[in-house]
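Biologist: Can you put the model up? I have a few questions about how the pieces are arranged.
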6 protein chains.
Amino acid sequence: MTEQQKPLANDTLEKLRYASTATITMQLLKRGLRHGAIKRARPLDPRYARCVGPAFTLRYIPMREDLAGPPKPGPMLPHRVAVETAPAGSVLVIDAGGAENCGTLGDILVARLKSRGVAGVVSDGPVRDAVGVASVGLTVLCDGAAAPASMNEVMCVDLGIPIGCGGVAVFPGDVVATDLDGAVVIPRHMADELARDAYEQERLEKFVLREVKRGRSIDGLYPPGEKAVADYKKWLADGEPE
Amino acid sequence: MTEQQKPLANDTLEKLRYASTATITMQLLKRGLRHGAIKRARPLDPRYARCVGPAFTLRYIPMREDLAGPPKPGPMLPHRVAVETAPAGSVLVIDAGGAENCGTLGDILVARLKSRGVAGVVSDGPVRDAVGVASVGLTVLCDGAAAPASMNEVMCVDLGIPIGCGGVAVFPGDVVATDLDGAVVIPRHMADELARDAYEQERLEKFVLREVKRGRSIDGLYPPGEKAVADYKKWLADGEPE
Amino acid sequence: MTEQQKPLANDTLEKLRYASTATITMQLLKRGLRHGAIKRARPLDPRYARCVGPAFTLRYIPMREDLAGPPKPGPMLPHRVAVETAPAGSVLVIDAGGAENCGTLGDILVARLKSRGVAGVVSDGPVRDAVGVASVGLTVLCDGAAAPASMNEVMCVDLGIPIGCGGVAVFPGDVVATDLDGAVVIPRHMADELARDAYEQERLEKFVLREVKRGRSIDGLYPPGEKAVADYKKWLADGEPE
Amino acid sequence: MTEQQKPLANDTLEKLRYASTATITMQLLKRGLRHGAIKRARPLDPRYARCVGPAFTLRYIPMREDLAGPPKPGPMLPHRVAVETAPAGSVLVIDAGGAENCGTLGDILVARLKSRGVAGVVSDGPVRDAVGVASVGLTVLCDGAAAPASMNEVMCVDLGIPIGCGGVAVFPGDVVATDLDGAVVIPRHMADELARDAYEQERLEKFVLREVKRGRSIDGLYPPGEKAVADYKKWLADGEPE
Amino acid sequence: MTEQQKPLANDTLEKLRYASTATITMQLLKRGLRHGAIKRARPLDPRYARCVGPAFTLRYIPMREDLAGPPKPGPMLPHRVAVETAPAGSVLVIDAGGAENCGTLGDILVARLKSRGVAGVVSDGPVRDAVGVASVGLTVLCDGAAAPASMNEVMCVDLGIPIGCGGVAVFPGDVVATDLDGAVVIPRHMADELARDAYEQERLEKFVLREVKRGRSIDGLYPPGEKAVADYKKWLADGEPE
Amino acid sequence: MTEQQKPLANDTLEKLRYASTATITMQLLKRGLRHGAIKRARPLDPRYARCVGPAFTLRYIPMREDLAGPPKPGPMLPHRVAVETAPAGSVLVIDAGGAENCGTLGDILVARLKSRGVAGVVSDGPVRDAVGVASVGLTVLCDGAAAPASMNEVMCVDLGIPIGCGGVAVFPGDVVATDLDGAVVIPRHMADELARDAYEQERLEKFVLREVKRGRSIDGLYPPGEKAVADYKKWLADGEPE
């Protein structure tokens with residue numbers, strides 16, 4: 001798994017920021033991966049829907065009443081350690097342990113993540129304090145909001161190991177990208193190449209959309225046939241006019 | 001099924017545009033139909049929630065990995081044919097084949113539908129490229145958004161035949177109406193008469209709501225007793241003052 | 001059950017208005033209650049998400065076709081009686097009887113509730129006429145919107161008795177509080193004391209959030225250790241500066 | 001609702017015992033009722049699947065932790081009162097309040113029901129002590145088995161009122177019939193007539209099945225055309241030979 | 001799609017009868033197909049779980065109350081035509097149109113299928129008359145039993161076209177195999193080759209299971225390493241002793 | 001977590017074998033634990049439903065197509081290591097990673113577990129090769145059967161760490177007990193004391209059931225009042241006659 005630590009190419013994150021998650025999943029499909037889109041994680045606030053970064057993982061399991069009571073002073077529990085140690089630029093990805101009616105994060109922890117430079121949060125469970133969280137202005141994708149604290153339903157047991165999140169395998173270091181369509185996971189070892197191809201696909205689709213908006217039929221254009229490819233190349237050569 | 005081709009009365013669509021889907025389902029109930037509201041189809045963007053028109057149907061089934069790969073140039077697949085042939089003014093109704101985590105339409109196809117004058121789209125599955133689709137400004141009701149393309153999960157097999165969409169039978173030519181409450185289906189043969197009655201019901205409820213907002217009890221007013229009916233007639237005679 | 005009629009302390013509702021539902025559920029947990037948050041009830045319009053008040057309950061069961069047809073003039077059915085009798089300041093809490101695709105309330109009944117001074121509505125089923133309901137400006141938490149009227153799926157059988165709403169027991173007189181995170185139920189007998197503690201917790205968290213936003217680590221701060229408690233007291237003594 | 005107390009015709013229960021629930025639902029459909037079959041209630045033990053009798057109802061709601069603890073000596077809680085008072089020959093119908101992972105009845109209460117002559121139990125939640133319950137030999141239809149006692153999830157609040165059970169309205173006195181296909185509810189006022197017609201339909205289908213097993217096509221036989229009706233009458237006249 | 005009509009190799013069905021569905025899905029996976037197992041279709045009676053044959057398809061959609069009433073004499077509806085025309089040896093595969101609480105087949109139609117030599121039935125919805133159906137002795141995989149007839153919820157619209165059944169694409173002529181684990185679908189064009197490989201895999205696993213039952217570790221045995229392969233060959237040469 | 005390694009009292013497992021899971025969950029409730037019953041784990045074969053032993057845990061996450069293909073020779077994957085290392089007498093508890101349509105174990109691995117003396121298997125996902133697994137005669141509780149192998153949907157990532165299984169926290173060393181009602185988890189530190197109390201409760205309920213079967217009312221008997229307690233003591237003193 002040391003492949004997960006290899007540095008990404010310089011422009012990989014930037015190119016992925018240019019691409020939509022729709023484009024990224026098409027590139028995953030071209031590499032034989034049909035299951036890269038996380039279920040049950042939607043932007044809490046549509047204004048803060050986009051982020052890209054390597055995954056920092058957190059794992060919850062169902063709570064047990066004798067272990068999971070109201071928080072007390074003392075050594076930090078694992079999820080609080082994660083909040084203090086997730087690297088700047090990373091995306092905190094949470095396996096919420098099946099939480100349906102409690103929030104694993106609230107406004108205070110999200111504010112701390114924002115302040116530490118974390119790029120975003122993706123969870124397959126709810127958050128709490130939805131108003132407070134949205135006011136922080138950090139990208140948060142989750143399964144809606146719920147008032148109860150996590151220990152009503154789940155407890156955090158470890159961080160930094162492979163998890164399942166919304167039906168997708170997430171290894172620490174995998175690249176996560178999000179937008180209004182949700183969150184997708186790119187295996188680390190294919191991130192550089194995929195980013196390049198996704199960037200190219202975005203440019204092509206920008207051209208296609210422009211043509212369609214001008215009234216052109218999709219027949220032969222999308223997916224592009226010979227003529228459309230030629231037109232696209234000309235458009236590129238012309239400097240990609242609007 | 002030739003009844004499905006008979007032209008609608010001149011003012012049917014216009015009268016239905018005046019009515020809410022709530023009113024239309026009440027008129028369906030008065031005709032013994034309790035199952036006209038499509039499940040899992042909600043406006044993608046609340047600004048573009050309303051449309052009325054005859055149904056043009058499309059049917060997906062689950063994909064099979066050896067048949068459903070990334071798109072290639074060549075003859076258009078059925079859903080692309082549909083995008084190019086759905087009549088202006090029609091509503092494209094999609095049986096998404098159980099799709100839960102992929103979009104059967106994205107920004108490019110929706111832009112083409114808009115450009116061809118289609119009135120709207122109703123699907124019981126997600127769309128993809130939610131930002132792009134919303135920016136087109138076409139009425140789209142669907143089951144949220146998902147990044148992966150349709151061939152990750154489903155494939156289109158035919159168009160223009162009876163389908164089930166969100167638990168409702170839809171025959172080509174049935175009249176579909178949508179708003180924030182969702183999409184409802186009116187069997188073709190009862191559309192003209194139902195439109196007239198829905199129009200009348202809307203006027204009555206406009207009067208009732210006005211009375212309630214002025215502080216009147218709903219007792220005897222909603223549903224209207226003798227006195228309320230008299231008041232309503234007077235209000236009509238008075239030119240329906242606000 | 002006479003405890004349910006005892007008057008609340010003067011400032012209980014006011015203190016609860018200051019608290020979030022997240023805070024209230026933490027106070028419930030401290031009293032051993034893990035199940036106070038109603039499922040499937042979300043604000044219909046985020047602008048009208050907050051209300052606090054004693055519960056007035058309404059119970060639906062599945063409809064039977066020979067009993068549940070289009071509304072007729074005559075004596076008011078139980079849900080209409082409820083609309084005319086729910087006390088000003090109360091929260092109408094509806095066990096929607098499993099309704100998934102019909103609205104138990106529409107714009108007219110909600111307008112009447114607003115006009116009668118009811119504080120809000122919480123239902124574990126949909127409402128109908130979502131546009132009209134939202135325009136009334138009353139706090140309504142529900143399971144989305146659906147066009148069909150209630151008698152398509154359910155019928156109201158009684159009011160003012162203990163119900164289950166979204167997986168939570170609600171006794172008439174229990175105190176209900178709502179915000180963007182949903183609705184929570186406080187057993188009547190613990191409302192006064194809980195309100196006081198929730199108020200105090202809110203102040204503490206206001207302090208904690210302020211510290212976090214200024215860059216302080218959550219270690220030792222949240223939950224607060226000795227040093228943080230001292231800082232908090234100083235902040236209180238200083239008049240709670242922003 | 002006094003119609004619910006009118007005695008049934010002498011042979012109504014006997015005729016219903018001759019009919020399958022499949023036949024009964026067809027007779028309900030002929031009277032315009034499409035929703036008489038209870039969901040989530042299956043025979044716990046296929047050997048004890050059949051019973052017919054008037055409904056005695058019981059209603060649970062979600063438990064509240066401060067009210068629902070381990071059982072204590074004292075006055076009997078409502079569900080125990082029901083076990084001691086449900087009339088011989090009746091079917092105990094339980095609205096389990098959404099219970100998914102607890103049993104509202106166990107071997108001891110079911111043994112007592114059996115001993116008191118109750119005809120059967122229908123619940124939309126689980127039972128517990130499945131081995132013990134099955135060994136009692138009473139007809140029990142439920143949503144499987146679960147080890148925890150009811151107070152882990154729900155509590156009983158009243159008996160003898162209209163309830164919803166598995167999506168069906170059940171009024172005390174309605175006639176309930178069960179077999180391997182599940183449980184169906186016949187509104188009291190139509191039980192006598194429906195029983196007669198169900199009995200006749202059963203005889204006809206016995207004839208049809210005999211013909212099919214002898215190799216006859218279903219074309220013109222099922223549903224029966226003129227020739228088949230004549231054959232049926234002859235078969236009746238011949239004394240219904242095997 | 002003419003490939004769907006090409007005759008199968010002589011021993012294909014026989015070899016598939018020797019294989020479990022578990023083995024068949026492993027062979028599908030080796031060919032890149034992960035989605036061949038039909039969901040929600042389980043043997044109604046474990047004694048009649050196995051069948052193999054080419055698919056004959058039937059498609060239901062949700063019913064509409066004005067079209068779907070109690071059966072009447074007259075021309076046969078599509079599902080009755082299917083019962084009279086499905087070839088001997090074929091497997092009737094039903095897209096039940098989302099039916100959850102009604103049976104698309106009952107004892108009479110299943111008896112007719114049996115009498116006509118159909119190999120089995122696979123449906124993603126319930127059947128009705130479970131006792132009667134089981135007594136016929138035909139292999140039936142379905143989603144349990146329900147009393148109401150199909151027209152309570154769905155109606156049949158066509159036969160012999162591609163369908164989705166339990167999340168799997170089924171084309172007429174595809175080969176279907178069933179056992180206690182459920183039903184799997186083999187695309188027609190790969191059936192011959194897959195049958196051969198499945199047969200070989202079964203033999204190997206028979207050997208492996210024998211070794212494990214004699215106490216051998218699975219390490220190096222399952223999946224088989226060099227030594228295990230040699231042992232297997234010897235076992236084959238020895239005539240496959242028990 | 002060293003408490004998890006402390007030896008159990010000599011008779012703890014034996015006493016738990018005498019108790020039903022229904023009784024064990026009542027003892028958990030008396031200690032404040034409402035969430036000890038695993039969801040979605042039912043006996044695959046009712047003849048092999050019971051086992052008791054310390055938990056040995058296994059964790060799956062969703063598969064990724066580039067990592068999870070058909071099995072190959074080489075070092076054993078984690079779940080195969082578990083099959084070879086789970087101690088005799090332990091219960092293998094599997095977090096199936098959300099698997100719904102694949103089996104994490106088949107007949108060969110279950111045969112090996114049996115041969116190694118493992119007490120049973122509990123999984124919140126399906127097994128495959130249901131016929132073969134049942135023929136092994138090991139206690140297996142799972143979520144039904146499915147033909148596809150695990151790598152169609154999930155992959156095993158580690159063993160011997162805390163997991164969530166069917167909504168319940170399971171720590172290695174916790175005591176698991178199963179019967180027809182399902183599987184329950186007893187935190188290690190309370191197993192000895194709970195086993196003693198469960199044993200006593202079973203004896204009392206044996207007495208109560210005997211009384212009920214002889215026609216005694218449950219009023220004052222269950223839960224037992226003063227008189228019943230005296231009768232119980234006498235019954236004990238009399239040597240617990242049938």
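Modeller: The domain assignment of chain A, with bounds that come from an automatic or database domain assignment, gives domain 1 (34-186) and domain 2 (194-237). Keep in mind that this is a predicted model, where local features need pLDDT of at least 70, side-chain atom pairs count only at pLDDT 80 or more, and totals for chains, interfaces and linings use all residues. Residues are numbered from 1 along each chain as its sequence is written, and chains are lettered from A and ligands numbered from 1 in the order in which they are written.

Biologist: What separates the centres of domain 1 and domain 2 of chain A?
Modeller: The two centres, taken over C-alpha atoms, are 37 Å apart.

Biologist: Switching to chains E and F. What rotation superposes chain F on chain E?
Modeller: A rotation of 120 degrees, with 0.0 Å of shift along its axis and an RMSD of 0.0 Å.

Biologist: How many residues of chain F are in contact with chain E?
Modeller: 26 residues of chain F, against 28 residues of chain E. Contact here is C-beta atoms, placed from the backbone, within 7 Å.

Biologist: Which elements of chain F give two or more residues to that side?
Modeller: They are α3 (78-85), α4 (107-115) and α5 (130-136) of chain F. Helices (H or I, at least four residues) are DSSP runs, numbered from the N terminus. α4(F) gives the most, with 6 residues.

Biologist: And by class?
Modeller: The chain F side has 15 nonpolar, 4 polar and 7 charged residues. Ala, Val, Leu, Ile, Met, Phe, Trp, Tyr, Cys and Pro count as nonpolar, Asp, Glu, Lys and Arg as charged, and the others, Gly among them, as polar.

Biologist: At what angle do α6 of chain E and α4(F) pack?
Modeller: About 10 degrees, with the axes of α6 (residues 191-213) of chain E and α4(F) 9 Å apart. Axes are lines fitted to C-alpha atoms, for helices over the stretch in contact, and angles run from 0 to 180 degrees between N-to-C directions. That makes α6(E) roughly parallel to α4(F), the term for angles under 35 degrees.

Biologist: Which residues meet there?
Modeller: On α6(E), E205(E), V208(E), L209(E), V212(E) and K213(E); on α4(F), D107(F), I108(F), A111(F), R112(F) and S115(F). This contact divides into 5 nonpolar, 1 polar and 4 charged residues.

Note on methods
Contact = placed C-beta atoms within 7 Å. Parallel < 35°, antiparallel > 145°, perpendicular 65-115°, else oblique. Least-squares fit on C-alpha atoms with pLDDT ≥ 70 in both.
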